[in-house]
Protein chains: 2
Amino acid sequence: MFSVGIKDVANLAGVSVGTVSNVLNHPTRVNPATHERVSAAIAKLGFVRNAAASQLRAGLSRSVGLIVLDSANPFFAALARGAEDHAATAGVSVLVGNSGEDSAREETYLDLFEEQRVRGILLSPVGDITPRLERLRARGIATVLVDRHTRNSAFSSVAVDDVAGGRLAAAHLLSSGRKRIAFVGGPLHIRQVADRLEGARQALRNVGLPDPEILATRSMTLPAGQEIGRQLAARGPQDLPDAIFAANDMLGLGLMQGLLMNTGLRIPQDIALIGYDDIAFAESALVPMSSIRQHATELGRRAMELLLEESAAEGEYVHRQLISTPSLVVRASTSS
Amino acid sequence: MFSVGIKDVANLAGVSVGTVSNVLNHPTRVNPATHERVSAAIAKLGFVRNAAASQLRAGLSRSVGLIVLDSANPFFAALARGAEDHAATAGVSVLVGNSGEDSAREETYLDLFEEQRVRGILLSPVGDITPRLERLRARGIATVLVDRHTRNSAFSSVAVDDVAGGRLAAAHLLSSGRKRIAFVGGPLHIRQVADRLEGARQALRNVGLPDPEILATRSMTLPAGQEIGRQLAARGPQDLPDAIFAANDMLGLGLMQGLLMNTGLRIPQDIALIGYDDIAFAESALVPMSSIRQHATELGRRAMELLLEESAAEGEYVHRQLISTPSLVVRASTSS
DNA sequence: CAGCTCGGTTGAAACGATTCACTTCTCGGC
DNA sequence: GCCGAGAAGTGAATCGTTTCAACCGAGCTG
């Protein structure tokens, strides 16, 4: 296992180690002809820079950490892609950790990243770990929070405006002439759910309508939606809302199944339905389902921008809280 | 940005740097009382070991790389979890890269991992990159392949036996009395599809039945399944197969929608249906769908075991090809 | 032509942990 | 009281890069 080092390259190319290092890190400083010779030597020997030595001397690494709550969740998958894309343009690589909502795993990844002296960390936190983040900052590691409303302006953050999303969904239903709107989702103390409901309330209030009927669920899953769907279908037609806003697409898809199976109901003629998240399944449902799309990729890109900006800044840095507004995707389930 | 180093710890604790290093790496070699004193100093100063320096001197890093084809795919998400779990027990951390089936990204991650001098790489390759892997091995970086039938025994690999899975699915349909079985999937040249079909053929041949009817699709998506489902529903009852084996769950779910919507057909009474992959949606479909489950988490664990074993081995190592047999999950869509 | 500038290049001194040959101490055996 | 063995601790050398002050020659200026 002989390792070829910068020294071997220098010998073969007939230059000093300093020059080889310059070829690697400051290509403009070296004469094109020399550059050529050194590159040839590198290729010939199959030299690969030792990141450990490089980081040790340079002090900072060429990577940033990203810890997501659930890597299987399409929202975070898209966010990660956006973050990686932007990092790539800056020549920075991303180490992805999946906390799985487990604060012990989160802690482990933070330790790892701290040892690696990453430039910064993009984090969707499990609990409140402000103290830990303060410590990291003291060490020169910046942190940007994802998907939290941090009133605390001591950190930069990016988040999705769920109230605006809720408004958008309800306003769309109203604009297509619906009047009796029901909200399905839960548990209601989850911030996302509460915010989406609040948005819907605002939209109704704006046109002088009372609060929507609320059908609370224990979880945001397909079966929970099916259950509510069956209950609704069992009601008499006159007791039925003319539109439903589901707090996420899984619920929405379950509702659709429950509403359509073995009933004469039609979507959207008898009842309109809109979901939230715009997951891939929404488009290919029995009746393609309208939804609210969060721009996760874009969000990830912006978050990485903030992170790199902060980590590059000298001294005081003014933190920023970015709020992204989701957008409406109209499909057959609401277009009469 | 003052960095506290091992030296500062040594000063505070009144010992030499060597002893601090021993506390960190060979705790048994040091007297418990000293250990105590050093630990206290570490805690007081908030010392965090510099991974770069550590790796530089020690020569090997405490991490391995993992490159998956698609991190959003639940199969790979589960695989990654299994791999991480096992790595954690060995005190090794996993750097996850997502190639997204793009060989340029794959290449980038391989470069990164090579620079980092990782212990080994777990890889689900995009194309055939044996030469590159040979080079890595020459550098002392072991590689274990995922989800490929490498006849080439020069590398260890783990894979799922799709032929066995196909056999399992078809045999299950036969055992519940079905005789006219159709296979839905495509394109047929994809290895997974071809293998699953081959397995079904074998099961039929075993009981003296002819090959199944094949309904080829352009892709393995929900819409493709819906399309085939509608076509089937349009046939006369006497032309209908009495069971369908879908090459994956997405197709299966699409089929279910197409078969049930606005037709009098019932599942499983008129037609049984089994999918493949056992994704979360299979369980909560209109009719809970039987499927074939691949033990991805277990597979990831085993793959990591192989990788760590090989990277720890001195000199010659005998590579192993692990084949994991999937298992049958019976739900309402096939149990009459 | 002396004095400057400037692009290109040099080589030795870091960076911070690990290692290992060596010292020091302690204790038991004879 | 001497010797040897083993446990505990020491500290200088080392890993492979990057950095930076110094150097070199060529071209320009007054």
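Modeller: Gladly! Let's begin with a term: a salt bridge is a side-chain nitrogen of Lys or Arg within 4 Å of a carboxyl oxygen of Asp or Glu. This is a predicted model, where local features need pLDDT of at least 70, side-chain atom pairs count only at pLDDT 80 or more, and totals for chains, interfaces and linings use all residues. Residues are numbered from 1 along each chain as its sequence is written, chains are lettered from A and ligands numbered from 1 in the order in which they are written, and side-chain values use heavy atoms, with hydrogens and water left out.

Biologist: Which side chain meets B:Asp85 in a salt bridge, and why does the pair join two chains?

Modeller: Side chains of opposite charge can pair when their charged atoms come close. Helices (H or I, at least four residues) and strands (E, at least two) are DSSP runs, numbered from the N terminus. B:Asp85 lies in helix α5 of chain B and its partner in helix α6 of chain A, so the pair joins two chains. The N to O distance is 3.3 Å, and the partner is A:Arg105.

Biologist: How many salt bridges does the rule find across the interface of chain A and chain B?

Modeller: Over all chains, the structure holds 44 salt bridges. One that links the two chains pairs the side chains of A:Arg49 and B:Glu115, at 3.5 Å from N to O. Across the interface of chain A and chain B, the count is 6.

Biologist: What area is buried between chain A and chain B?

Modeller: Contact here means heavy atoms within 4.5 Å, and it takes 39 residues from chain A and 39 residues from chain B. Buried area is the accessible area (1.4 Å probe) that two parts lose on being put together, summed over both. Carbon and sulfur atoms give 56% of it, and the area is about 3,800 Å².

Biologist: Which residues lie nearest the centre of the largest cavity?

Modeller: On a 1 Å grid over the protein atoms alone, a cavity is a set of points where a 1.4 Å probe fits but cannot get out, while a pocket is an open set with protein on both sides within 12 Å along at least five of seven lines; lining residues have an atom within 4 Å of a point. Grid points are joined across faces, edges and corners, and a volume is the space filled by probe spheres set on the points. The largest cavity has a volume of about 230 Å³. Its lining has 16 residues, and those nearest the centre are A:Leu222, A:Leu253, A:Gln257, B:Leu253 and B:Gln257.

Biologist: How many residues of that lining are nonpolar, polar and charged?

Modeller: Ala, Val, Leu, Ile, Met, Phe, Trp, Tyr, Cys and Pro count as nonpolar, Asp, Glu, Lys and Arg as charged, and the others, Gly among them, as polar. For the largest cavity, the lining divides into 12 nonpolar, 4 polar and no charged.

Biologist: Which element gives the most to the lining of the second largest pocket?

Modeller: This pocket holds about 1,200 Å³ of space. It is lined by 40 residues, and among those nearest its centre are A:Glu115 and B:Arg49. By class, the lining has 15 nonpolar, 14 polar and 11 charged residues. With 7 residues, the element that gives the most is α6(A).

Biologist: Which residue of chain A has a positive phi although it is not a glycine?

Modeller: Look in the loop between α6 and β3 (120-123) of chain A. The phi there is about 55 degrees, and the residue is A:Arg117.
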